[in-house]
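Please open the structure in your viewer and keep the selection panel at hand. The tour below moves from one selection to the next and says what is there at each stop.

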Amino acid sequence: MDKIRIKGGNRLKGEVQVSGAKNAALPVLAATLLGSGEQRISNIPDLRDVLTIKRLLTHLGAEIEADGQNWTVRMSALKQCEAPYELVKTMRASVLVLGPLTARFGEAKVSLPGGCAIGARPINLHLAGLEKMGAEIKIEHGYVSIKANRLQGARIYLDLPSVTATENLMMAATLADGVTVIENAAREPEVTDLAQFLNRCGARIRGFGTDVITIEGVDSIDGATKFGIMPDRIEAGTYLTAAAVTRGDIFIRGCNPRHLDAVLLKLREIGVAIGEDPDGVRATGTARIGPADITTLPYPGFPTDMQAQFMALLSLCEGSSVITETVFENRLTHVAELRRMGADINIQGNTAIIKGVRRLSGAPVMASDLRASACLVLAGLAAEGETEISRVYHLDRGYEHLEKKFSNLGGEVTRMKQNS
Ligand code: EPZ
């Protein structure tokens, strides 16, 4: 297993191109199961999770031609309807095939995703919504099996604005008989990207980006001749935070500032100079990092996927900051590793009380999940001395060419095999 070694203390400077969004690419690729025509999708990031969904789609019967970031997908017939444990255990987002398989082929069998480092993450809302649309659901031997002649339009109220539940039910409703209304729907930009892809394929979806989405079911959809995945706002947010924590100056090309309003607000609050232009966002860090209080919330609130990165940044603030995680019940595991680097953080329930310190010191640390690993990379870039991060396979799931991108900005970030 690889690990990453970082020599900290350099001010990062320059420009980085943002990649396509993992959390848009996964549902859009799952949605290709719905269309009988040729799907041409571009700006697909080179990530481990994307390779996993490629294996899953191929396993189900899709023909995929991948030319770098440009893929052509044809799903003319179902080879089989099962998403096996071997694949689902490596990526929970595999549950995104539930809706499209049930809607188009009338059956799906998907391994139930187990627990996750950041929380229990049940899929009860996905299943309750499909049941409301008339699906028969059985759970046994660790698998959920679904059968439906044809899904029926329904009014579905989500207890929580779950992102992938909204996406799964929106895909299912695309081929349902009648109109479906999803209330308390997720408003994340990735949901909008999926809806725009589906509409490009012939679906009739409106209200995406709001908390009420209406889907008029159609008999079939064709394919999208051309669709580009949106830029990754969390990757962009990570590089913006890197500029702040290293007191550097970085232009993130290709990101959409409107997707990052809550993040930019907090960066400005702590004193980072932010410049926006049609091509991207520039962040210029300052010697003094001011304190800030943050509560993670569903979009357009402060994203939980940026919480860990800000924990690293605010560890160096002048004064005290408070971070409250409200979306996932166990997403503060990176705090213990930051403490090993000299951070002064006290946890009470799902709240972290941070007393800013003047400096962090490099140390061997361990990544527990994707965004926790990004947090440790940022802490390592700011710390004095060397930091070694193990279990970096978490990073590869969601950050494209991370070492190269940071090295181009002047960071000393190298990847090593575990035994070297
Ligand atoms: C999506 O996960 C993202 N993943 C996550 O990004 C992100 O953290 C999360 O949304 C929140 O923004 C993808 O898009 C592939 P949720 P998702 O359902 O859809 C509870 C990353 O780092 N819930 O919105 O799984 C759940 O337990 C990843 O890129 C239920 O109780 O998140 C959580 O507490 C991590 N029952 C809350 O809702 C359900 O059926 C929000 O989860 C579904 C969810």
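A polar contact here is a pair of N or O atoms within 3.5 Å; within protein, one atom must be able to donate a hydrogen and the other to accept it, and residues adjacent in sequence count only if both atoms are side-chain atoms. This is a predicted model, in which local features need pLDDT of at least 70 and side-chain atom pairs count only at pLDDT 80 or more, while totals for chains, interfaces and linings use all residues. Residues are numbered from 1 along each chain as its sequence is written, and side-chain values use heavy atoms, with hydrogens and water left out.

**The ligand**

Select the ligand together with Val163, where a backbone N or O atom lies 2.9 Å from an oxygen atom of the ligand. The ligand taken alone exposes 830 Å², of which the protein buries 86% (accessible areas come from the Shrake-Rupley method with a 1.4 Å probe; for residues, only the protein chains shown count as cover).

Now widen the selection to the shell of 20 residues that surround the ligand, the closest being Asn124, Ser162, Thr164, Asp305 and Val327; a residue belongs here if one of its heavy atoms lies within 4 Å of the molecule. The shell divides into nine nonpolar, six polar and five charged residues, where Ala, Val, Leu, Ile, Met, Phe, Trp, Tyr, Cys and Pro count as nonpolar, Asp, Glu, Lys and Arg as charged, and the others, Gly among them, as polar. Helices (H or I, at least four residues) and strands (E, at least two) are DSSP runs numbered from the N terminus. Two or more residues of the shell come from each of helix H1 (22–31), helix H5 (124–132), helix H6 (163–174) and helix H12 (370–382), and H5 gives the largest share, three residues.

**Backbone geometry**

Return to Arg121, which sits in the loop between S7 and H5 and has a phi near 50°, a positive value in a residue other than glycine. Next select Tyr299 and Pro300, which are joined by a cis peptide bond with omega of about 10°; Pro300 lies in the loop between strand S18 (293–295) and helix H10 (307–314). Most residues other than glycine have a negative phi, and most peptide bonds are trans.

**Paired strands**

Two strands pair if DSSP finds at least two bridges between them. Select strand S5 (residues 70–74), which pairs with strand S3 (residues 38–42) in the antiparallel sense over four bridges, with Arg40 opposite Thr72. S4 and S5 form a hairpin with two residues between them, and Gly68 in the turn has a positive phi of about 60°.

Move on to strand S7 (residues 107–111), which runs parallel to strand S6 (residues 82–83) and is joined to S6 by two bridges; Lys109 is the bridge partner of Glu82. S7 also pairs with strand S9 (residues 143–147), in the antiparallel sense over five bridges, and there Glu107 has Lys147 as its bridge partner.

On a 1 Å grid over the protein atoms alone, a cavity is a set of points where a 1.4 Å probe fits but cannot get out, and a pocket is an open set with protein on both sides within 12 Å along at least five of seven lines; lining residues have an atom within 4 Å of a point. Select Ala21, Asn23, Glu190, Asp232, Arg233, Ile234 and Arg371, which line the largest cavity; the lining comprises two nonpolar, one polar and four charged residues.
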